[in-house]
Each structure stands twice: as C-alpha cells, then as structure tokens.
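Dear colleague,

Please find below the structure that I am handing over to you. My findings follow directly after it.

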Amino acid sequence: YDKLYLGNLFNLGSLYGNYTPFTLLGDQNLGRLPTYHRLDLSLSKKVSLSYADITLSLNILNLYNRKNIFYFDRKTGQRVNMLPILPTATLKIEI
C-alpha cells in the first residue's frame with residue numbers, strides 16, 4: 001500500500017505528493033528461502049623475508065558453480081542468484 005510520510009508538518013499543502021510504496025511482510029519466520037549449498041576453497045602462503053612479510057592468497061567462491069539463491073526481489077518476485085564461480089587472488093605485503 002502507499003504510506004504517507006510527513007517531512008514538514010508546517011507545510012501541509014504538499015501532502016499529496018509524499019506517498020511512497022510500502023511493503024507489508026508476513027509473520028516472522030513464515031517465509032523461507034530454498035535450501036542451498038556452496039563450496040568455497042581458500043589457500044594461502046606466507047613468506048617471511050628480512051624486510052617484509054609477504055602473503056599470497058587464492059580463493060574460489062562457489063567452486064562447482066551451483067545456482068544458489070541470494071534473495072527474492074520484493075517488487076517483482078524474481079529470484080536473484082548468488083555470483084557464479086568467482087576466483088580471486090590477493091597479495092599482501094607487510095613492511
């Protein structure tokens with residue numbers, strides 16, 4: 001439904017344009033998302049030199065590329081999935 005937001009109580013002449021959509025949600029824990037499973041892999045190697053510590057990390061999110069749900073869009077009801085397989089690498093140097 002549309003909800004009226006009162007921003008300025010002294011200017012009541014502009015009330016007709018201040019309606020914005022507002023969603024009513026169901027009871028707590030009534031709606032559930034479908035079950036999902038994802039496998040993440042992370043490897044890291046730390047090398048200590050005389051002048052710095054260097055850490056190299058390799059990460060893979062959603063290793064076997066499953067279509068896991070992230071959320072349902074409340075406005076359209078469309079299912080939005082998490083990211084597909086996502087490899088990343090990180091190099092950290094501490095002096």
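Predicted model: local features only at pLDDT ≥ 70, side-chain atom pairs only at ≥ 80, totals over all residues.

Strands β3 and β4. Strand β3 comprises residues 41-48, and strand β4 comprises residues 53-61. The two pair in the antiparallel sense, with 8 bridges between them. A hairpin of 4 residues links β3 to β4. As an example of the pairing, Val47 has Ile54 in β4 as its bridge partner.

Ser57. This residue belongs to strand β4. Its relative accessibility is 16%, and Ser57 therefore counts as buried, the cut-off being under 20%. Which residues is Ser57 in contact with, leaving aside its neighbours within four places in sequence? They are Leu43, Ser44, Thr88, Ala89 and Thr90.

Salt bridges. The count comes to 2 salt bridges. In one, Arg38 is joined to Asp40, and the closest N and O atoms are 2.9 Å apart. Arg38 is partly exposed, at 37% relative accessibility, and Asp40 is likewise partly exposed, with a relative accessible area of 36%. In the other, Glu94 is joined to Lys92, and the closest N and O atoms are 3.8 Å apart. Glu94 has a relative accessible area of 38% and is therefore partly exposed; Lys92, at 45%, is also partly exposed.

Yours sincerely

Methods:
Residues numbered from 1 in each chain as written. Heavy atoms only, no water. Buried < 20%, exposed > 50% of the residue type's maximum accessible area, 1.4 Å probe, protein only. Pairing = 2+ DSSP bridges. Contact = heavy atoms within 4.5 Å. Salt bridge = Lys/Arg side-chain N within 4 Å of Asp/Glu carboxyl O.
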